[in-house]
Amino acid sequence: MLEHVLSKTRQISEKARLKLSVDMAASIEQIYSDIETLINFINREMDIIGNNRNLDESVKRTARREVLENAGRKFEIIKTKRTCAALDEALEAKLLNAPVPGKDEDCLLKFLREREIRDRLSGMTEAQIKSHFGNSLFDGSNLLLLDAILNSPPGFELFPESTLKKLRWIRAIKLNPEVASELEMAREMNSVGKKMLALVKKELDSSRIKELPVSLNKKNI
């Protein structure tokens with residue numbers, strides 16, 4: 001039972017191993033291992049029920065449903081334990097809060113240059129700024145311009161918050177490509193893990209419905 005799910009999740013795990021770091025691939029492998037253990041539990045219990053000649057089909061159906069409900073509870077524990085969102089959040093914070101490279105004595109000069117840039121941009125609309133500086137701004141190649149815009153005093157922002165949020169990411173990725181790459185892999189790992197768990201959840205739900213009494217089963221079709 002559910003062998004096709006095991007096969008699909010195995011394939012997903014093996015593909016992920018080719019793209020992810022060793023540690024992240026190991027996390028995906030652990031999810032697969034948990035899924036394999038869960039499916040082995042289901043198969044073992046179903047075999048015991050199927051081989052028990054003292055049970056009629058109605059009792060067996062009830063017993064199989066209980067196994068699947070128990071498996072569902074085990075699955076929820078696996079899903080909670082193997083969620084990788086915390087790693088994503090940690091890497092995002094690390095990326096956005098990384099220190100700015102440079103010497104302390106350069107801070108005043110940098111501040112003055114940023115203010116000068118903001119003074120020049122103050123009479124321009126958002127569309128005009130993007131028209132003149134869009135390429136270098138959104139590819140991260142003009143960090144001084146990026147910082148001048150991002151460090152605008154409260155109430156004097158040159159762009160709306162949605163654009164500023166995008167620019168913060170561009171700046172962070174430009175300054176910390178290694179962390180950005182790690183975050184990209186973490187997101188891929190999280191996506192792969194969710195895909196594997198979603199396959200299991202779908203099949204568990206389908207199997208439980210099939211074991212409902214006939215009258216209830218028809219209502220769920």
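A residue counts as exposed when its relative accessible area is over 50%, and as buried when that area is under 20%. Leu108 has 59% relative accessibility, so Leu108 is exposed. The structure here is a predicted model. The protein has ten helices and zero strands.

**Overall make-up**
- From the N terminus on, the order of elements is α-α-α-α-α-α-α-α-α-α.
- The protein has 221 residues, and 34% of them are buried.
- The accessible surface is about 13800 Å². Carbon and sulfur atoms account for 53% of that surface.
- Take the contacts between residues at least 6 apart in sequence: 75% of these join residues at least 24 apart.

**A nonpolar surface patch**
- Leu108 sits in helix α5, which covers residues 107-121.
- Leu108 forms a nonpolar patch on the surface with Phe111 and Leu112.
- Together, Leu108, Phe111 and Leu112 have about 290 Å² of accessible area.

**Packing of α1 and α9**
- Helix α1 spans residues 3-19, and helix α9 spans residues 177-210.
- Their axes come within 10 Å and cross at roughly 175°.
- An angle over 145 degrees counts as roughly antiparallel, and α1 and α9 are therefore roughly antiparallel to each other.
- On the α1 side, the contact is made by His4, Val5, Lys8, Thr9, Ile12, Ser13, Ala16 and Lys19.
- On the α9 side, the contact is made by Met185, Glu188, Val192, Lys195, Met196, Leu199, Val200 and Glu203.

Technical notes
Residues numbered from 1 in each chain as written. Predicted model: local features only at pLDDT ≥ 70, side-chain atom pairs only at ≥ 80, totals over all residues. Heavy atoms only, no water. Helix = DSSP H or I, 4+ residues; strand = E, 2+ residues; numbered from the N terminus. Buried < 20%, exposed > 50% of the residue type's maximum accessible area, 1.4 Å probe, protein only. Contact = heavy atoms within 4.5 Å. Areas by Shrake-Rupley, 256 points an atom, 1.4 Å probe, with all protein chains shown as cover. Patch = residues over 30% accessible without salt bridge, like charges linked within 9 Å, V, L, I, M, F, W, Y side chains within 5 Å. Salt bridge = Lys/Arg side-chain N within 4 Å of Asp/Glu carboxyl O. Axes fitted to C-alpha atoms, helices over the stretch in contact; angles between N-to-C directions. Parallel < 35°, antiparallel > 145°, perpendicular 65-115°, else oblique.
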